[in-house]
Amino acid sequence: MNVLELILNQFDLYLLVLVRISGLFVFAPIFNSRNLPMQIKLGLSALIAFIVLPILPVQYNHVESFWIFVFGLIGELIVGFLMGFVVSLILAAVQTAGELIDMQIGFSMVNIFDPQSGNQIPLLGNFKYLLALLLFLTFNGHH
């Protein structure tokens, strides 16, 4: 059975994976950039769901009721939102800690423009955020 037949036979499972990954892309620190167009985010999430589906270790039975499937989709969307939000929250805490350090050493007036968020952020706050993001990627947190 090739991959296309697998997806056609398990299209509802593909939708569940796609909704979770799309929910993750809304809040995840790398993918929620304003510079990345929504069409690319949607296409990338569909491609990742297409790649992940054949390697899922899940035995999935088709759902008989439409409403149970809709509630499952909503649950997967909430799980994706929460995964991205928790990572964003941790990185925001690191950035806030860098901002507090900036205030203590007198760099509070030195702000730089962040094109991702469109805000002015402190110098050490940005450094700590980028360092934490690099560690996040190094430890395969995006997987």
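Begin by selecting α2, in which Asp12, Leu13, Tyr14, Leu16, Val17, Leu18, Val19, Ile21, Gly23, Leu24 and Phe25 are buried. Please bear in mind throughout that this is a predicted model. Helix α2 has 17 residues, and from its first C-alpha to its last it reaches 25 Å, close to the 24 Å expected at 1.5 Å a residue.

Next, show the side chains of Leu13, Tyr14, Val17, Leu18, Ile21, Phe25, Ala49 and Leu53; these eight residues form the largest nonpolar core. Six of them, the largest share, come from α2. Apart from this core there is a second, separate one of six residues, among them Val87, Tyr129, Leu133 and Phe136. In soluble globular proteins, nonpolar side chains tend to be buried together.

Return to Ile21 and display its surroundings. Beyond residues up to four places away in sequence, Ile21 touches Ser45, Ile48 and Ala49.

Now move to Lys41, located in helix α3 (residues 38-52). Is Lys41 buried or exposed? Its relative accessible area is 14%, which is under the 20% limit, so Lys41 counts as buried. With neighbours within four places in sequence set aside, its contacts are Phe25, Phe31, Asn32, Ser33 and Leu36.

Within α4, colour Phe69, Gly80, Gly84, Val87, Leu91, Gln95, Gly98 and Asp102, which are buried. The partners against which the buried residues of α4 pack are α2 (11-27), β2 (119-122) and α5 (123-138).

Finally, display α4 and α5 together. Their axes come within 7 Å and cross at roughly 150°, and the crossing is right-handed. To inspect the contact, select Val87, Leu91, Val94, Gln95, Gly98, Glu99, Ile101, Asp102 and Ile105 on the α4 side, which meet Leu123, Leu124, Gly125, Lys128, Tyr129, Ala132, Leu133 and Phe136 of α5.

Conventions:
Residues numbered from 1 in each chain as written. Predicted model: local features only at pLDDT ≥ 70, side-chain atom pairs only at ≥ 80, totals over all residues. Heavy atoms only, no water. Helix = DSSP H or I, 4+ residues; strand = E, 2+ residues; numbered from the N terminus. Buried < 20%, exposed > 50% of the residue type's maximum accessible area, 1.4 Å probe, protein only. Contact = heavy atoms within 4.5 Å. Core = buried A, V, L, I, M, F, W, Y, C linked by side-chain atoms within 4.5 Å. Axes fitted to C-alpha atoms, helices over the stretch in contact; angles between N-to-C directions. Left-handed = near helix turned anticlockwise from the far one by under 90°. Expected span 1.5 Å × (residues − 1).
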